[in-house]
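Take a look at the display below, and then we can walk through some details together.

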Amino acid sequence: MTVIVLLLLLATTAGAQAANTNFRGRTGLIYEVEDWTTPRDAWLTNRVTATKWRLWTTEGPGKRSCDASLTTPKITKDRATTEEGAPVLHTHITGIPRGVYRAWLGPTTRPLAYSRDGGKTWLKTGTSEADLGVHEITDGTFNLWVDDRFANPGNIGSAYYDYMRLEPYQPPVLSEMSAFTLPNGDTQLSWISSEPTPAATVECAGRTFVETDSDLRNHRVVLTGLERGRTHIATVAGQKVKFVAGERPRIARSTPQTIELTVNHRRKNWPVTSGVPFARGTLASADDTQLLDAAGKPLPAQFEATSFWPDGSVKWLLVSFIAPAPGKFRLRVGNGANPAPRDPIASGSSFTARIVDSAGKAYLAGKPDTFVREEQGPIRAVTRTEGDFVANDGAKLFRWQARCFAYAGQPWVRVSWTIGNNNTNAVLTNLREAGIWLPFANTNAASAITVTNPTPLSGCVSVSDGKRGLAVVVKDFWQTYPKAIVTKPDGLHIGILPPLPAGAFAKESKNTEDLIRLYYCYDGGQYRIKRGLEFTTDFFVATDATLNPSWFEHPLFAVAPPRHYCASGVFGIVEPRQAGVFDDYEKLVEDGFIQLEKNRREKREYGWMNYGDWFGERRFNWGNHEYDLMGALALQFARTGDWKFLWRADQASRHSTDIDTVHYPWQPRMPGRVYAHSVGHVGGFFGPLDLKLLTHGNAFIAGAIDPGGHIFQPGNFHLGFLTGERRYLETAEMVCAAQATYLTAKFDFRIERAAGWPLMNAVAAYEATGNPFYRNAARLYVEKIVEKQTARGDWNLPHGPPECLHIPSHPGGKAFATGVLLNGLMMFDMIAPSPAVKQCIVRSAHWLEKHAWNHETHSFRYIDTCPTFEKGKGNGGTDLLVSSGLAYACTLDNDPALKALLLDSLRRALQAKSKVGKDYVQDISHTPRALAILQREFGLTKPSRNPSATRVP
């Protein structure tokens, strides 16, 4: 029936459309834009100018539809207005048969601006055929406006405007329809459609709720204002869902247990906030917990359930208390309430903040437009306020956010101060300074502490009026240089980004390598801030100047036994560190951490833009935590209880959620994108033709954003739950929500990790929130993964220069990237067991053994089909990246060849030495799961050639 309708449509419009009705297998109604576009004088035939389009008819037969295309002038940078460059084109197609169509814009090669509303809103195409959405044609017309305003700095040249294609639209099939109660009590309706659809309308309780986005496959609509506790029926596209508004699953009772918590650092009466995980079905409510001291006496404490298992039991519990002294405490699950603290929670501090732009204009932190009381308990109170920086004339520049933490009986408060660049019209915005002033009548002598290089100095000063005092401690003061604290008669001044002399870092920048690594973000004594990013500084304001400043550098943490962390299930398949069990791996972890910290000192991986990340990916790129340093270190903390892993992971999460993430988008569907390993983390500091970079052949100058294969969020979720830092959780969910919404619409991948990381992110978001929207995203990724897998077990993906230089190139598979994908499939199989996924994992494992593994050199080939890599010896990191998925496959298929491969690859890989951060994360991110499987399922304690000789007694 579909074919008949399509033929009729083609027949009735034969006179109205151009002759080409099937270009490169693309069917539907194809319209040549040069036949339907005005103004006609906007282009010249086969002539190139800077202010006109070119109608190119001599490119060659078969390259464009009907062998002709309109092309833009070359564009070196984004144009600010439509008046620049070539004129705006208006394509007005008529004579279209009445019906519903999906509209497509032919491949543009480079970005092209398009609008459906006459130029009010401009969107940016990709490089392939662009989906313009589903449209109902009632008057026979379709309109599109295009402009040449967007550049592709990494590939300068013309964009193509070739054809419009209208494809008859068939109603999709809806599945996985479910209702879910959000943390605020509203109901979310979510579902999957078999293809992208227009924005859906949900009917419920006599009201309509419209989906906020269109052309999606993964859908969710929030139903607000429903009467809680009442049964409702929601209808979407004829399908009905029955639910009780505000209802959440619950378990009947908790399982009695006691968890020992250890606080080691020697401080008295100091706050502790720590996340403690619980196994599924063991803790019914935060109210079922009680904190005891070493003698069994109840202590005042505050408990909050921050994550739940699907059955409604508590997954993560945030515990806050005042530790009277270091020692051991007991968290008891059972009946009994904790006593209330005697002292009230301290109030916050007042301060004034400002920034100064490149011209010297000052902007003060304006009146908050957001106020949220995030926590209000007997031990800890947390508030979040947000607003704009505003000048005297009302002009606005940048956003600010302040999280204030106050604790019972403490003479200080913590302020987590965030500045965000929402000036997205400019790639870089320069500031002269950013600072905070705490007013105080100071009678002490004026003084100043300033750091402009990584020199260990304490960021602590105090003032006094003769009767009372005030002290400020800036956390990570020298590590995030430049920083300053100045005492003046009017109080304390904190230089978040202090004023710099005009020649600041000019001498240091003469060394090209230092300029690219450390001084890229300075310009004539000003700070160069990339659009979209945020950066956060923590400072503490105390009324007791006798407090030890070092106590503020690392908050106290109550550490549970590693066996409890591992047995909870929140970290997946993992076992605690044990003497005599895979000792080679434990040495690899410890030696690698020492090297990671050594690199930081030697490469001076410090500064307000850099701290927390590692340098050296492709020589001149910052790593941006590739392979999830946060998650890898959180896993090591869970296995060992060693603080050093937790605090290094915390530094990584702070950097990841601040610098690397786009918080303010300058293109549609962009919030939550994350930069891949780029020069200066985010790029934009050097031009595409800058000889300093071209000399070294670096391709990440402008800042690369890979929406699939270079976004790593599982660790940020774990750090958010462990430390109680809501910012980590909020940012991680923002990033995963963007992927789950937009990446799933037409998901595909050209390298295996570009499927593996989105899958891991979706699973991590589902495990963190319980929201089926993220599980549905994972299903859509898996749908494409299973569909694309070949009978031989790989995904037969394309490869080309500079890796495969053969003509034609050799499609095939990459073992290291397949390891990422297998780990994601394993994680998915844990939350939604599937025979198809299990089969997919086993097939891939056999491909690794039969095709990717070189049995002669005992190593994985980089590309299994390319002769260039036939005798390659691998790099060790590949062996460890594939280890978890390969080990999981061994539990699904008892073929001894798979187990032999796993043990053979691990023997050599566990002797590896980590040189840079990327090596280290590759080595430790997946390996603990493989070793846990070997220990649990096969009783092994080391990858010996003779497994029976190394079984656990």
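## Cysteines

Let's begin with C204, which is buried, with 1% relative accessible area. Please keep in mind that this is a predicted model.

C804 is another cysteine to look at: its relative accessibility is 1%, so it counts as buried because the cut-off is under 20%.

Now find strand β41, which covers residues 534-542 and includes D538. Is D538 buried or exposed? With a relative accessibility of 5%, D538 counts as buried.

Which side chain does the side chain of D538 meet in a polar contact of 3.0 Å? The partner is R414. Setting aside neighbours within four places in sequence, the residues in contact with D538 are R414, V415, S416, V473, V474, K475 and R654. If you have the model open, displaying these residues around D538 gives you a handy view of its contacts.

## Helix α13

Helix α13 takes in residues 815-831, 17 residues in total. At 1.5 Å a residue, α13 should span 24 Å, and its end C-alpha atoms are 25 Å apart, which agrees.

How many of the 17 residues of α13 are buried? The count is 16, so α13 is largely enclosed by the rest of the structure.

## The whole chain

Stepping back, the protein chain has 19 helices and 45 strands. Its radius of gyration is 30 Å, close to the 30 Å that the globule rule gives for 953 residues, so the chain is as compact as a globular protein of that length. Taken along the principal axes, the box filled by the C-alpha atoms is roughly 90 × 75 × 65 Å.

Of the 953 residues in the protein chain, 58% are buried. The chain exposes about 37700 Å², and 52% of that area is supplied by carbon and sulfur atoms. As for contacts between residues at least 6 apart in sequence, 71% of them join residues at least 24 apart.

Technical notes: Residues numbered from 1 in each chain as written. Predicted model: local features only at pLDDT ≥ 70, side-chain atom pairs only at ≥ 80, totals over all residues. Heavy atoms only, no water. Buried < 20%, exposed > 50% of the residue type's maximum accessible area, 1.4 Å probe, protein only. Helix = DSSP H or I, 4+ residues; strand = E, 2+ residues; numbered from the N terminus. Polar contact = N/O pair within 3.5 Å; in protein donor to acceptor, adjacent residues only side chain to side chain. Contact = heavy atoms within 4.5 Å. Expected span 1.5 Å × (residues − 1). Rg over C-alpha atoms; globule rule 2.2 N^0.38 Å. Areas by Shrake-Rupley, 256 points an atom, 1.4 Å probe, with all protein chains shown as cover.
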